[in-house]
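Subject: A structure for you to explore

Hi there,

Here is the structure I promised to pass on. Have a look at it first, and then read my notes below.

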Amino acid sequence: MLLFFEQLLNGVQLGVFLFLLAAGLTLIFGIMGVINLAHGSLYMAGAFASALALRLSGSFTLALIAAPLAAGLVGLAMEVIVIRRLYARDHLDQVLATFGLILFFNEIAAISFGRQPLFMNIPPALNSTVELLPGAPYPVYRLLIIIAGLLVAGLLYVLISRSRAGSLIRAGSTDQEMLSALGINVKMLFALVFAFGAMLAGFAGGLAGPLLSVEIGMGENILILTFVVIVIGGIGSIRGAFAGALLVGIADTLGRAFLPGLLKLMLPPAEADGIAAGLASMAIYILMAGILIWRPAGLFPPQGRSGA
Amino acid sequence: MLQVEHIETFYGQSQALFGVSFSVEMGEAVTLMGRNGMGKTTTLRSVMGLTPAAAGHIRFAGRELTAAAPHAIARAGIGYVPEGRRIFPTLSVLENLTATAAPGRAGGGTGWTLQRVFDMFPKLKERQRQMGALLSGGEQQMLAIGRALMTNPRLLILDEATEGLAPLVRREIWNCLEALKNDGLSILVVDKNIDALARLADRHLIMDKGRIVWSGTSEALEADPELGRRLLGV
């Protein structure tokens, strides 16, 4: 039971990461119609920026500020130089161009930081555990990630649903031409939304630094999970991204933790291990297929729009 | 105030406007009439920069707007109420009014506030929390006008101001436009209701096959019933 609780929290923590990535990706895909495969590169940019800032300043707080700032600037440049030209193009062009960006960013990272992974230590103040339930110590740093992620999710929800910037973003997802005819510079709005999504991805990268190694290609694995999240949630929906991220995070973590044990109850240990490993890595795709059969447009498709 | 000179506009290869010229003066209401497909909507879209003219000039308040982006044209002081209203469906009535509002722009007359829009259209106040998609046609048209007014334009452009609305709602829209005109706002309006247009506007333009083929005052328009049969199909 305690183990389950701990794994559940780990699942939530993965979910929070996925949400930070998915929020930007779903806004960019839902509003501008661009499939940005290089979203993972922005996550990587955040991780490298925080590693560098930590090495130079020794301050973890500064590192966590540097991560979204750097990713936001990289994102802004990416939008102005490349993405802006892709809005009117078809999805294949977008996939090819943003795949090219992945190669570009990986090479830039290799030239600047070398191919060896960088390791960030969890700051000593946060490197302890706290007992949430008696007998179940949980790392403070992971708990902080959960809290930070939930805070960002709450802020984002208020921003999108209550603020004027949020209403412009929602208006832009239905009728950009009308928005421009009312005096809104839609090009600039898109660039800012893109940079904002990049900042969220960069923040996730900064948070991930001490848990994973900061290395080239770290964005690609999590990008696939992120796409699963936004498809499950309904493309363009922040609420959907949140629900999808938690579902995927928990399903993936619990699957890996408990499937081997469950299967061993029924099968010989050797076979159970093999099958469980396969099933665990398939779990989120099975989840996605099931949800799409039930709700083809995802859990929370944005209202007022036909089709995708 | 608005000068349109010899604009030619294309959709791909096919030409829709053939040297359209007209002007709207300060405080004036001008109508654009003609049968369907004669270029009225295209003319308005060209003025707004949504379907840019390939040749000719568009000037507004002394500024050259020929190649300007739509948002720059709107910011120069033109409020646009498009055909089909195009209310933002996922925004509430309140958000539709405030999202693109520009209180500082105050082009002509007094600045528009939420309160003034609600005074003009009390129904919008009652429904301010509802989503734009849930409004009736008449309410959507009121909202589209209110939304444009909140950008504090000097010229209001309306495409099919009362199309598809019930007679009572039409009268309400015409009364509102009359009040706006008396307030000093310039208006360029496309509609089919000749009687109401003749009462509202000073000058009328009739389009046929991408050209302006007749222009004149309300008296001239009403004095020539043949005109309506030949060019307006009424």
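Let me start with two helices: α2(A) passes α3(A) in a right-handed crossing. Helices here are DSSP runs (H or I, at least four residues), and they are numbered from the N terminus.

Before going on, please note that this is a predicted model, where local features need pLDDT of at least 70, side-chain atom pairs count only at pLDDT 80 or more, and totals for chains, interfaces and linings use all residues. Residues are numbered from 1 along each chain as its sequence is written, and chains are lettered from A and ligands numbered from 1 in the order in which they are written.

Back to the pair. Helix α2 of chain A covers residues 39–57 and helix α3 of chain A covers residues 60–81; their axes come within 7 Å and cross at roughly 140°. That makes α2(A) oblique to α3(A). (Under 35 degrees counts as roughly parallel, over 145 as roughly antiparallel, 65 to 115 as roughly perpendicular, and the rest as oblique. Axes are lines fitted to C-alpha atoms, for helices over the stretch in contact, and angles run from 0 to 180 degrees between N-to-C directions.)

Which residues meet there? Among them are A:Leu42, A:Ala45 and A:Gly46 in α2(A), and A:Phe60, A:Leu62 and A:Ala63 in α3(A). Being in contact means that the C-beta atoms, placed from the backbone, lie within 7 Å. By class, this contact has 15 nonpolar, four polar and no charged residues. (Ala, Val, Leu, Ile, Met, Phe, Trp, Tyr, Cys and Pro count as nonpolar, Asp, Glu, Lys and Arg as charged, and the others, Gly among them, as polar.)

Next, find A:Glu220 in helix α9 (residues 218–233) of chain A. Leaving aside neighbours within four places in sequence, A:Glu220 is in contact with A:Gly40 and A:Ile102. The C-alpha atoms of A:Glu220 and A:Leu37 are separated by 8.4 Å, although these residues are 183 apart along the chain.

Finally, the two chains: their contact takes 21 residues from chain B and 20 residues from chain A. On the chain B side, the largest share, four residues, comes from α2(B).

Enjoy exploring!

Definitions and conventions: A crossing is left-handed if the near helix is turned anticlockwise from the far one by less than a right angle, and right-handed if clockwise.
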